[in-house]
Amino acid sequence: MKHAPSLRMALGGVAVGAAATLAIATGCSKDSEAAPANKTVEKAPVEQVAAGNHIEGKNFKLDATPEGDCKAGATCVLVLRLEAAGGYHVNKEYPYKFKAADLAGIEFQGTDAAGKNVFSKNAGDFKIDGEKTATLRVKFKPSAKGNVTISGNYKMSVCSEKDCQIEAQDISASVPVK
């Protein structure tokens, strides 16, 4: 069969094309579809930065601070505060989400369907405080006294009149537990 190699090549090309089409079609996640229809979505360049309690990115600031005193056996709160900079504002349409890293001795108290360590806009943890600021509250219960570091990844977005910037930032904060 002289035609078998060319048939294999043709079918191989179809398979590669189908795989590429599938990759392109599925490349957009729900997170990237959150921009208003008349705006373009622009993902900021990703920089490898060690997680900390304060991050200054392109067109935003993000801070993680404990709310009040935290006591062993009681519910404590870590507040993630997003502030848009320059001509940017908080993206009201974006599905904000923080996924806390598992930590021994910490019971996260999230109500998101994705798990107790997930805090989101859909679960009511996110609040827009103004045009340029928003907060997300992370509730947890430590089992013992000492310092704990709550860390995780925060998916967020800020927009200008021209575009929306989608971010996924690692952030952490040390919380003293009394």
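## Basis and confidence

The model is predicted, and local features are reported only at a pLDDT of at least 70 and side-chain atom pairs only at pLDDT 80 or more, whereas totals for chains, interfaces and linings use all residues. Residues are numbered from 1 along each chain as its sequence is written, and side-chain values use heavy atoms, with hydrogens and water left out.

The average pLDDT (the predictor's confidence in each residue, from 0 to 100) of the protein chain is 80, and 71% of the residues score at least 70. Over residues 1-50, however, the pLDDT is below 50, and this stretch has 36 contacts in the model beyond near neighbours in sequence, a contact meaning heavy atoms within 4.5 Å. Where pLDDT is low, the predicted coordinates should not be read in detail.

Asparagine 117 belongs to the loop that runs between strand S7 (106-108) and strand S8 (118-120), strands being DSSP runs (E, at least two residues) numbered from the N terminus. With a relative accessible area of 13%, asparagine 117 is buried; buried means under 20% relative accessible area, exposed over 50%, and partly exposed in between, with a 1.4 Å probe and protein chains only.

Leaving aside residues up to four places away in sequence, asparagine 117 touches Phe98, Lys99, Ala100, Asp102 and Phe108. A polar atom of the asparagine 117 side chain lies 2.7 Å from the backbone oxygen of alanine 100.

## Salt bridges

Side chains of opposite charge can pair when their charged atoms come close. Taking a salt bridge as a side-chain nitrogen of Lys or Arg within 4 Å of a carboxyl oxygen of Asp or Glu, the count comes to four.

One of them joins lysine 178 to aspartate 69, with the closest N and O atoms 3.5 Å apart. Because lysine 178 lies in the segment after strand S12 (163-177) and aspartate 69 in the loop between strand S3 (60-67) and strand S4 (76-84), this pair ties together parts that are 109 residues apart in sequence. Aspartate 69 is exposed, its relative accessible area being 55%.

Another salt bridge links glutamate 83 and arginine 81, whose closest N and O atoms are 3.0 Å apart; glutamate 83 is partly exposed at 29% relative accessibility, and arginine 81 is partly exposed at 35%. Lysine 127 also pairs with aspartate 129 in a salt bridge, at 3.9 Å between the closest N and O atoms. Here lysine 127 counts as exposed at 53% relative accessibility, while aspartate 129, at 37%, counts as partly exposed.

Notes: Helices (H or I, at least four residues) and strands (E, at least two) are DSSP runs, numbered from the N terminus. A polar contact is a pair of N or O atoms within 3.5 Å; within protein, one must be able to donate a hydrogen and the other to accept it, and residues adjacent in sequence count only if both atoms are side-chain atoms.
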